[in-house]
Amino acid sequence: MSEIQITKENIIDEVIRCPQPVLLDFYADWCGPCRVLGPVIAEIAKERSDIKVGKINVDEQPELAARFQVAGIPTLAVIRNGKMENRVTGYRPKSQIEQLL
């Protein structure tokens, strides 16, 4: 499965009501650690059919960043049954991201 851009218009259907776990990547194009993490997130999205992977650009979606209380980027959040289950801020290797899931 590929990554999905999450916006305030599609978050309810793509994340909150999603029956499978969702890994959200809060990022910005100018963020160095975000750019390093991007290919790792893309790889997880391709390998894992049991989860949905969403990306939220905090510059374009400040309301969503505020809703999830994102104070630093990159931030990864795992959403299950519409609720945040796990969250980490900063670069993490693939193995640690998979442990969050």
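Glu98 is partly exposed, because its relative accessible area is 29% (buried means under 20% relative accessible area, exposed over 50%, and partly exposed in between, with a 1.4 Å probe and protein chains only). The structure is a predicted model, in which local features need pLDDT of at least 70 and side-chain atom pairs count only at pLDDT 80 or more, while totals for chains, interfaces and linings use all residues. Residues are numbered from 1 along each chain as its sequence is written, and side-chain values use heavy atoms, with hydrogens and water left out.

Glu98 lies in helix α4; helices (H or I, at least four residues) and strands (E, at least two) are DSSP runs, numbered from the N terminus. Leaving aside neighbours within four places in sequence, Glu98 is in contact with Ile44, Glu47 and Arg48, where contact means heavy atoms within 4.5 Å. The C-alpha atoms of Glu98 and Leu23 are separated by 9.9 Å, and these two residues are 75 residues apart along the chain.

Helix α2 covers residues 32-47 and has 16 residues. From the first C-alpha to the last, α2 reaches 24 Å, close to the 22 Å expected at 1.5 Å a residue; the expected span is 1.5 Å times one less than the number of residues in the helix. At Gly38, α2 bends by about 30 degrees, and a proline, Pro39, follows within four residues. The bend at a residue is the angle between axes fitted to the seven residues ending there and the seven starting there. The buried residues in α2 are Cys34, Leu37, Gly38, Val40, Ile41, Ala42, Ile44 and Ala45. Their cover includes the strands β2, β3 (52-57) and β4 (75-80), together with helix α4 (94-100).

One disulfide is present in the structure, a disulfide being a pair of cysteine sulfur atoms within 2.5 Å. The disulfide is formed by Cys31 and Cys34, whose sulfur atoms are 2.5 Å apart. The torsion about the S-S bond of Cys31 and Cys34 is about 75 degrees, and the disulfide is therefore right-handed. Cys31 counts as buried because its relative accessibility is 4%, and Cys34 counts as buried at 5%. Cys18 is also buried, with a relative accessible area of 5%.

Two buried strand residues were examined in turn. Asp25 is in strand β2 (residues 22-27) and has a relative accessible area of 1%, so Asp25 is buried. The side chain of Asp25 makes a polar contact with the side chain of Lys55 at 2.5 Å. A polar contact is a pair of N or O atoms within 3.5 Å; within protein, one must be able to donate a hydrogen and the other to accept it, and residues adjacent in sequence count only if both atoms are side-chain atoms. Not counting residues up to four places away in sequence, Asp25 touches Leu37, Ile41, Gly54, Lys55, Ile56, Pro74, Thr75 and Leu76.

Ile56 is placed in strand β3 and is buried, with a relative accessible area of 0%. With residues up to four places away in sequence not counted, Ile56 touches Ile6, Leu24, Asp25, Phe26, Tyr27, Gln61 and Leu64.

One of the salt bridges joins Asp13 to Arg17, with the closest N and O atoms 3.3 Å apart; Arg17 is exposed, with a relative accessible area of 61%. The side chains of Asp50 and Arg48 meet in another, at 2.8 Å from N to O, and Asp50 is partly exposed at 40% relative accessible area. Lys94 forms a salt bridge with Glu43, the closest N and O atoms being 2.6 Å apart. This pair links distant parts of the chain, as Lys94 is in helix α4 and Glu43 in helix α2, 51 residues apart. Lys94 is partly exposed, with a relative accessible area of 23%, and Glu43 counts as partly exposed at 37% relative accessibility. Salt bridges that share partners join Glu43, Glu47 and Lys94 into one network.

How values were computed
Salt bridge = Lys/Arg side-chain N within 4 Å of Asp/Glu carboxyl O.
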